[in-house]
Amino acid sequence: MRRLQRVSMQLCQRLGLVAVAVIRDEQHEAFCREQGAIEVVISPSGRFHESLPGGPVDLALECVGEATFNSSLRCLKMGGGLSVIGNVQEARAKLNLGLVVVKGLRIAGSSGATHATMKALTALHEQQPLIPAIEARYP
């Protein structure tokens, strides 16, 4: 799991949001829960919208790209939002415009952080430090 998703789960927890992690195999489940995920969906097929606990969500973070983009859209509530914060696949995602229109969805890309956003994040970190995940240790 990438660093961005790890911090995202911690931030959700700090902001009082319910974090639902979607993973491809069960080997990452314990780690996701340690990082603050309340629910973990194991979806090797990438069709996680079909088994989302609690039903549709207000906000989804899209970190993969084409393989999960449409499932991320389909898991949103009416008026929900999709924040695209990563694209690890080269393939272009297809967009179902009808779904976006009928459900009144919002899609936003991330282009970095503003000064105000970084100030708010720093204040949140001062209240309770974000804990980075260490992927490897070297002598």
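**Close-up 1. Strands β3 and β4 pair side by side in this predicted model.** The pairing runs in the parallel sense and spans five bridges. Strand β4 covers residues 76–84. Two residues of β4 can be picked out by their bridge partners. Leu-76 is the partner of Val-57. Gly-81 is the partner of Leu-59.

**Close-up 2. β4 also pairs with β5.** Here four bridges join the two strands, again in the parallel sense. One link to look for is Leu-82, whose bridge partner in β5 is Ile-107.

**Close-up 3. Three strands form an open sheet.** Their order is β3-β4-β5, and the pairing is parallel. β3 (57–62) and β5 (106–109) are the edge strands. Each has a single partner strand, so one side of each lacks a neighbour in the sheet. From one strand to the next, the twist averages 15°.

**Close-up 4. Helix α3 packs on the sheet.** This helix spans residues 66–74 and touches β3, β4 and β5. Its direction makes about 150° with that of β4. Together, β3, α3 and β4 make a β-α-β unit, and the unit is right-handed.

**Close-up 5. Ser-72 sits in helix α3.** Is Ser-72 buried or exposed? Its relative accessibility is 3%, so Ser-72 counts as buried; the cut-off for buried is under 20%. Beyond residues up to four places away in sequence, Ser-72 touches Phe-48, Ala-60, Glu-62 and Leu-82.

**Close-up 6. The largest nonpolar core has 13 residues.** Leu-73, Cys-75, Leu-76, Leu-82 and Leu-105 have the most contacts inside this core. At least two of the core residues come from each of β3, α3, β4 and α4.

**Close-up 7. Leu-76 and its surroundings.** Neighbours within four places in sequence are left aside here. Leu-76 is then in contact with Pro-56, Val-57, Asp-58, Leu-59 and Ala-60, among others. Its contacts also include Gly-81, Leu-82, Lys-103 and Leu-105.

**Close-up 8. Confidence along the predicted protein.** The mean pLDDT is 86, and 97% of the residues reach 70 or more. Among the elements, helix α4 (residues 97–103) has the highest mean pLDDT, 96. Helix α1 (residues 3–14) has the lowest, 79. Where pLDDT is low, predicted coordinates should not be read in detail.

Notes
Residues are numbered from 1 along each chain as its sequence is written. This is a predicted model: local features need pLDDT of at least 70, side-chain atom pairs count only at pLDDT 80 or more; totals for chains, interfaces and linings use all residues. Side-chain values use heavy atoms; hydrogens and water are left out. Two strands pair if DSSP finds at least two bridges between them. Axes are lines fitted to C-alpha atoms, for helices over the stretch in contact, and angles run from 0 to 180 degrees between N-to-C directions. Contact means heavy atoms within 4.5 Å. pLDDT is the predictor's confidence in each residue, from 0 to 100. A nonpolar core is a set of buried Ala, Val, Leu, Ile, Met, Phe, Trp, Tyr and Cys residues joined through side-chain atoms within 4.5 Å. Buried means under 20% relative accessible area, exposed over 50%, partly exposed in between (1.4 Å probe, protein chains only). A crossover is right-handed if, with the strands pointing away from the viewer, the path from the first strand over the helix to the second runs clockwise.
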